[in-house]
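Have a look at the structure first, then read on.

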Amino acid sequence: MASAITDRVFFKGRRFEFSLNPGPFNVKEHVLITIFANSGAGNVYAIHIVSAVKIFYKRSMTFLVALLVVLTTQVLGFGWAGIFRRYLVEPAAMWWPQNLVQVSLFRALHEREKRPKGGLTRNEFFLIAFICSLTYYVFPGYLFPMLTSLSWICWIYPKSVLAQQLGSGLHGLGIGAIGLDWSSISSYLGSPLASPWFATANIALGFTTVVYVVTPLAYWLNVYKAQNFPIFSDGLFTSVGQKYNITAITDDKFHIDLEAYDREGPLYMSTFFSIYYGIGFACLTATIVHVVLFHGRDIWRLSKSALQKRHMDVHTKLMRRYVQVPEWWFMCILIVNVAATLLTCHFYNDQLQLPWWGVFLACGVAFFFTLPVGVIAATTNQMMSLNVMTEYIIGYIYPGYPVANICFKVYGYISMKQGITFLQDFKLGHYMKIPPRSVFMAQVVGTIVSALAHLITAWWLMDTVPDICDRSALPAGSPWTCPGDHVFYDASVIWGLIGPRRIFGDLGYYSAINWFFLLGVLAPLLVWLAHKAYPDKQWIKLINMPVLLGATINMPPATAVNYTSWIIIGFLSGYVAYRYYRNWWGRHNYVLSGALDAGLAFMGVALYLCLGMSHVSLDWWGSRPDGCPLASCPTAPGIAVKGCPVF
């Protein structure tokens with residue numbers, strides 16, 4: 001555009017002077033484009049509300065209501081971002097590891113670099129890695145999907161339920177399973193190349209403890225009738241291992257029918273699914289206690305306005321030259337969004353079920369947790385998932401209303417998550433010296449465009465893809481199984497329709513899971529006491545209990561192979577390469593991460609446009625990921641499930 005468009009200046013010397021020529025493309029424009037894209041790169045979580053209502057509950061929701069919910073939940077986070085900027089952007093200790101990947105990529109693409117003798121410039125390295133990533137994804141993405149999870153134990157023991165429970169990377173514990181698919185590796189935990197080694201080690205320890213110690217013990221000791229169900233599943237079951245009929249306990253007012261629930265009997269979960277919720281409880285209390293103990297003094301000092309007086313790092317000093325975004329901009333967005341949410345929930349209460357006080361309570365939860373969760377994300381590159389906490393709160397206060405529960409979760413948790421994403425992009429602009437007002441405008445526009453694009457696409461898919469999300473009706477290997485939507489729907493049943501009191505409370509079968517709350521309090525306290533007792537042992541302070549306990553918080557829908565592959569790559573990058581090949585790591589690690597992401601993105605879109613939309617597929621043994629059909633079978637005597645042996 002700089003070379004082709006006229007550089008004539010219109011209205012020269014006047015107030016409205018402008019030129020159509022943008023000038024040479026520079027790194028700051030590139031950063032703004034990236035921030036614009038980042039604002040919409042993540043999943044728009046409110047879409048799960050639409051899919052739960054329309055697909056799983058088979059109830060009506062108008063496009064207008066869906067649009068209002070999606071827009072308000074996505075934009076509400078600006079309010080929390082504005083309030084906590086000074087805590088999570090300006091301090092040098094809040095370094096946001098993921099941003100280093102993008103900074104390295106920008107430097108590789110824009111800085112002129114002399115090629116080292118016998119080596120490659122970072123730009124050349126990026127292009128080679130990008131082409132390799134783009135070309136390779138044809139195999140796991142289309143030709144050979146089994147590369148997503150190579151579960152070799154299942155191949156050795158094709159008729160053993162136990163072996164497949166242990167070895168399946170998608171439906172079991174994933175022992176020995178490996179994924180050679182970057183989309184599988186980076187889909188839930190982010191890029192392992194961007195994770196600091198201490199965070200990777202915490203996740204590895206937490207994953208190993210939960211998946212290879214706690215889950216097998218609970219299953220083979222038959223805790224909560226565990227052997228009546230699959231060892232790893234996000235399904236909801238009756239006491240004899242059959243799929244629970246949710247429609248039978250839902251009345252015509254979209255509320256629980258208690259008489260029908262008594263007839264159907266209590267709801268049961270797989271061993272891992274129940275442990276997943278316990279881990280969520282522990283992660284909630286551990287996050288609060290960890291931040292108070294390890295960062296409380298700094299937060300208190302900043303709260304007393306000491307930020308202006310303390311030593312500022314070079315980035316903060318340079319950013320002071322720009323005109324800052326006024327606080328009232330954020331406050332206006334916050335107030336307008338809260339008002340719009342109240343009006344939406346009031347006028348469309350028959351579809352959303354959430355009362356006015358639920359909106360204020362959700363905003364209070366988001367406000368309270370943005371800072372502690374933001375501190376964890378800014379220092380470890382791991383976002384603590386506290387959605388269970390929001391489900392628990394509204395489930396106890398307002399049981400029997402599934403849509404109210406998921407709306408409260410989205411407004412209470414996702415608005416906080418969006419706020420943290422905005423703060424991360426502000427830090428990227430901080431590193432790259434982008435005017436804050438330009439960053440703000442890019443985020444606002446990107447968020448709105450993203451919300452519209454996600455909703456329109458999802459609405460179209462729901463109307464055009466036959467049997468979307470119906471695992472029993474879809475053909476083998478179909479990409480439309482919707483793992484995240486299934487977990488979201490199951491949560492709406494557990495916490496909303498039935499309610500936590502009948503699951504985890506005094507009326508429930510899983511009441512002992514509440515002891516995980518105490519575990520979350522004690523775990524970081526023990527680490528803090530150990531650090532005080534042995535201050536010379538710096539490795540003790542690197543034990544991050546919110547990350548360790550929350551390691552498996554994405555499982556399900558994440559599976560074992562997502563973690564085993566991620567941990568292996570994280571170890572090779574964060575420990576082996578960093579320790580023994582430091583020069584290579586410094587020059588190429590983050591560039592490699594960006595190249596792998598970019599190649600995957602381009603080829604993923606190309607495969608869908610060229611083959612997926614035309615329903616062109618291959619059907620051979622390599623098209624069936626995992627190859628462990630017996631991994632989802634129960635092992636209790638007398639339990640009959642289709643396709644499984646009866647013991």
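Which residues of α25 are buried? This is a predicted model, where local features need pLDDT of at least 70, side-chain atom pairs count only at pLDDT 80 or more, and totals for chains, interfaces and linings use all residues. Residues are numbered from 1 along each chain as its sequence is written, and side-chain values use heavy atoms, with hydrogens and water left out.

**Helix α25**
- The buried ones (under 20% relative accessible area, 1.4 Å probe, protein chains only) are A560, V561, N562, Y563, T564, S565, W566, I567, G570, S573, G574 and A577.
- Their cover includes α10 (182-186), α11 (197-220) and α26.
- Helices here are DSSP runs (H or I, at least four residues), numbered from the N terminus.
- At L572, α25 bends by about 25 degrees; a bend is the angle between axes fitted to the seven residues ending there and the seven starting there.

**Helix α26**
- α26 (residues 582-612) bends by about 45 degrees at H588.

**α17 meets α19**
- The axes (lines fitted to C-alpha atoms over the stretch in contact, with angles from 0 to 180 degrees between N-to-C directions) of α17 (residues 356-380) and α19 (residues 402-432) come within 8 Å and cross at roughly 35 degrees.
- Contact (heavy atoms within 4.5 Å) involves residues including F369 of α17 and Y411 of α19.

**A512**
- A512 sits in the loop between α21 (483-498) and α22 (515-533).
- A512 and Y261 are 251 residues apart in sequence and 22 Å apart in space, C-alpha to C-alpha.

Methods
Helix = DSSP H or I, 4+ residues; strand = E, 2+ residues; numbered from the N terminus. Expected span 1.5 Å × (residues − 1). Buried < 20%, exposed > 50% of the residue type's maximum accessible area, 1.4 Å probe, protein only.
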